[in-house]
Amino acid sequence: MFKLIVKKEFSSAHILHGHPGDCKRMHGHNWIVEAKVEGDNINKIGMVIDFKDIKKNLADIVSKLDHRFLNEIEPFIENNPTAENISKYIYKELSKNINTDNIKVSEIKLWETNNSAVIYTE
Ligand SMILES: [Zn+2]
């Protein structure tokens, strides 16, 4: 089993409705997302998948969130844009584009601050 990891940063603002503390007020984060992709098989040049393919797909997803107020963007109009919900969203979107019979997005780790991250897996 091979596990490939690609990292990408983005910045966005959010409000967490129902939060008892400061997070109910608008504030921003410099998020770091780490996408882990797994596969058992390598192709004839020795790769599971080109890092570039993962990076491009991750960049496309992240570009929709970067420098935005997340509460105004689907699916976060209804679902609070918590690190949990954002990591799940990125997982689902990236899986649509990356997954094949041999390759699977296995984990999204989303760092909200230097010290706090959420991991979403299925
Ligand atoms: Zn926050």
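1. How many residues lie between β4 and β5 in the hairpin that they form? Two residues lie between them. The pairing of β4 and β5 is antiparallel and comprises five bridges, where strands count as paired if DSSP finds at least two bridges between them. T113 stands opposite S116 of β5, and L110 has V118 in β5 as its bridge partner.

2. Two remarks on the basis of this note are in order. The model is predicted: local features need pLDDT of at least 70, side-chain atom pairs count only at pLDDT 80 or more, and totals for chains, interfaces and linings use all residues. Residues are numbered from 1 along each chain as its sequence is written.

3. The protein chain contains two helices and five strands, in the order β-β-α-β-α-β-β from the N terminus. Helices (H or I, at least four residues) and strands (E, at least two) are DSSP runs, numbered from the N terminus.

4. The five strands form an open sheet with mixed pairing, in the order β3-β1-β2-β4-β5. Because β3 (68-69) and β5 stand at the edges with a single partner strand each, one side of each is left without a neighbour in the sheet. Helix α1 packs on the sheet and touches β1 and β2; the direction of α1 makes about 20° with that of β1. Angles run from 0 to 180 degrees between N-to-C directions, and the axes are lines fitted to C-alpha atoms, for helices over the stretch in contact.

5. Helix α2 lies across β2, β4 and β5 and runs at about 150° to β4. The 16 residues of α2 (residues 83-98) should span 22 Å at 1.5 Å a residue, and the end C-alpha atoms are 22 Å apart, which agrees. The expected span is 1.5 Å times one less than the number of residues.

6. The buried residues of α2 are A83, N85, I86, S87, Y89, I90, Y91 and L94. A residue is buried if 20 or more other C-beta atoms lie within 10 Å of its own, exposed if 12 or fewer, and partly exposed in between, with C-beta atoms placed from the backbone. These buried residues pack against β2 (27-39), α1 (51-63), β4 (103-113) and β5 (116-120).

7. The C-alpha atom of D101 is 9.1 Å from that of G39, although the two residues are 62 apart along the chain.

8. The largest nonpolar core has 22 residues, of which V33, A35, L58, I90 and L94 touch the most other members. At least two residues come from each of β1 (2-14), β2, α1, α2 and β4, and α2 gives the most, with six. Such a core is a set of buried Ala, Val, Leu, Ile, Met, Phe, Trp, Tyr and Cys residues joined through C-beta atoms within 7 Å.

9. Apart from neighbours within four places in sequence, A35 is in contact with V6, I54, L58, L94, V105 and I108. Contact requires C-beta atoms, placed from the backbone, to lie within 7 Å.

10. Of the contacts in the protein chain with a separation of 6 or more, 64% join residues 24 or more positions apart. Buried residues make up 24% of the 122 residues.

Note on methods:
Two residues are in contact if their C-beta atoms, placed from the backbone, lie within 7 Å.
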